[in-house]
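Work through the exercises below with the model open beside the text. Each task is followed by a solution that goes step by step.

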Amino acid sequence: MKILLTGANGYIGMRLLPMLLEQGHEIICAVRDKNRLSVNARTRERIAIVEIDFLEEPDLNKLPKDLDAAYYLIHSMTSSTSDFDEKEERSAQNFNKYLAETACKQVIYLSGIVNEENLSKHLRSRKQVEDTLYQGNFNLTVLRAAIIVGSGSSSFEIIRDLCEKLPVMITPKWVTTRCQPIAIRNVLQFLSGVLGNDKCYNESFDIGGPDILSYKEMMLLYAKIRGLSLTIINVPIMSPKISSYWLYFVTSTSYKLALNLVDSMRVEVITRDTRLQELLNIKPLTYTEAIKLAFEKIEQNQVVSSWKDSMVSGRFRKDVSEYIKVPEFGCLKDRQRIQLKNPEQALENIWSIGGNRGWYYANRLWKIRGFIDKIFGGVGLRRGRTHSHELYEGDSLDFWRVLLADKKEKRLLLFAEMKVPGEAWLDWEIDDHNVLHQTATFRPRGLWGRLYWFSMLPFHYFIFDGMIRSIAKYNPKK
């Protein structure tokens with residue numbers, strides 16, 4: 001089948017793509033920036049890529065006319081706290097316009113469980129998108145899920161951050177709200193299973209795991225599985241705004257996502273039917289099984305995708321490609337170079353920077369800078385990195401974004417997503433003479449930008465010098 005995959009850069013899309021390819025389908029990935037699609041060269045050769053921003057007026061000639069099916073995996077919850085519902089509605093309307101020009105028979109939409117009368121803004125928006133897609137000239141299949149549990153999912157990573165960092169929690173009333181978590185493995189089975197199944201045409205199905213748990217029970221069970229000591233004390237006085245700030249500072253989530261999540265956590269998301277699992281003969285995994293499988297992937301360094309790699313988890317609102325050419329005019333630079341004795345190891349060190357490995361020199365100062373960034377509303381260092389030794393264009397890397405990761409050309413280019421009065425790049429390149437060049441570029445914004453750079457010069461002098469020397473000599477085997 002010829003399948004359109006929207007949201008191909010997202011947490012679900014990145015995992016669904018290899019499954020569909022393995023099944024022999026022809027895949028067209030719709031992304032806003034083709035340079036942002038974090039897949040290896042072999043996968044790129046097997047897919048077609050079209051650049052579409054569904055928030056903009058449709059260019060109806062971009063999609064092939066002979067589509068058989070499409071996955072609608074677009075949402076804007078992490079991009080805004082006020083108008084994300086309007087954006088989601090506009091995206092769905094434009095999607096319908098695109099599909100009206102094709103022969104697409106089926107669209108599959110992953111939504112949220114909407115069985116309560118008083119829904120959150122997020123869940124109301126998901127239901128509105130569902131209603132809009134039902135107006136399209138195709139057969140719609142809607143899968144409604146609650147919390148998705150898997151390595152790299154926002155729900156799993158937030159629970160992980162909380163339980164791993166806080167032995168005692170003072171929590172608001174929403175932790176007693178019940179939900180029905182489902183393993184990412186089962187979500188992918190359902191998404192794949194309904195494809196081309198005419199029994200699923202123009203139907204909406206709830207999908208969930210076998211356990212109905214409160215958020216408090218989920219955290220306590222997580223702690224038990226991990227062998228952690230955890231005490232949770234409920235208080236009725238935490239407002240949604242305070243709860244959102246609490247999640248923002250303790251976990252790797254953005255404030256916008258935290259605020260929308262807290263708003264949704266007051267609503268019970270529990271399935272009302274099991275029709276689809278009976279139709280497809282799928283036995284959902286328990287919450288405990290889902291947690292254990294997630295850690296198997298983490299320990300084997302096989303995390304396929306993470307919500308933190310989404311562009312809206314940082315400050316980017318434009319294409320990555322617009323930042324790849326590092327400016328020269330009006331910029332301040334710190335240039336370092338060093339002759340390498342072992343260029344292969346140095347290249348591996350560059351590709352492993354950040355996350356658990358750290359920044360090779362003055363890691364405590366990097367952590368302080370990340371904490372300051374969080375205080376001022378930035379992303380901080382807690383995003384880490386998805387893979388410990390692999391990097392792709394568009395990946396998040398602590399408070400940086402990967403603009404270019406070309407191992408053949410031996411170059412890695414990062415753009416800062418921290419809160420700074422200007423724009424900053426960090427560039428490593430190994431030349432033909434095995435000399436490592438490290439360049440920090442800052443384009444200041446006004447007087448404050450220049451004051452910021454010169455105030456940081458004493459730190460830059462020894463941090464950047466120490467970092468390049470450590471990259472050159474670091475050997476993890478010793």
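Patches are made of residues with over 30% relative accessible area and no salt bridge, like charges being joined within 9 Å and nonpolar side chains (Val, Leu, Ile, Met, Phe, Trp, Tyr) within 5 Å. A salt bridge is a side-chain nitrogen of Lys or Arg within 4 Å of a carboxyl oxygen of Asp or Glu, and accessible areas come from the Shrake-Rupley method with a 1.4 Å probe, where for residues only the protein chains shown count as cover. The model is predicted, so that local features need pLDDT of at least 70 and side-chain atom pairs count only at pLDDT 80 or more, while totals for chains, interfaces and linings use all residues. Residues are numbered from 1 along each chain as its sequence is written, and side-chain values use heavy atoms, with hydrogens and water left out.

**Exercise 1. Identify the residues of the nonpolar surface patch and the helices that supply them.**

Step 1: the patch covers about 990 Å² and is made by Tyr361, Leu365, Ile368, Phe371, Ile372, Ile375, Phe376, Phe459, Tyr461 and Phe462.
Step 2: the greatest contribution, 5 residues, comes from helix 13.
Step 3: Phe462 belongs to helix 14 and is partly exposed, because its relative accessible area is 33% and that class lies between buried (under 20%) and exposed (over 50%), with a 1.4 Å probe and protein chains only.

**Exercise 2. Describe the parallel sheet, its edges and the helix that packs on it.**

Step 1: seen in the order 3-2-1-4-5-6-11, the 7 strands form an open sheet with parallel pairing, where two strands pair if DSSP finds at least two bridges between them.
Step 2: strand 3 (48-51) and strand 11 (203-207) each have a single partner strand, so one side of each is left without a neighbour in the sheet.
Step 3: the twist averages 20° from one strand to the next, the axes being lines fitted to C-alpha atoms, for helices over the stretch in contact, with angles from 0 to 180 degrees between N-to-C directions.
Step 4: strand 2 (residues 26-31) pairs with strand 3 over 4 parallel bridges, and Cys29 has Ile49 of strand 3 as its bridge partner.
Step 5: helix 6 (residues 184-193) packs on this sheet, touching strand 4 (69-72), strand 5 (106-112), strand 6 (139-145) and strand 11, and its direction makes about 155° with that of strand 5; contact means heavy atoms within 4.5 Å.

**Exercise 3. Is Thr271 buried or exposed, and which residues does Thr271 touch?**

Step 1: Thr271 lies in the loop between helix 9 (255-264) and helix 10 (275-280).
Step 2: Thr271 counts as buried, because its relative accessibility is 17%.
Step 3: leaving aside residues up to four places away in sequence, Thr271 touches Ile113, Asn115, Gln180, Asp206, Ile207 and Gly208.

Technical notes: Helix = DSSP H or I, 4+ residues; strand = E, 2+ residues; numbered from the N terminus.
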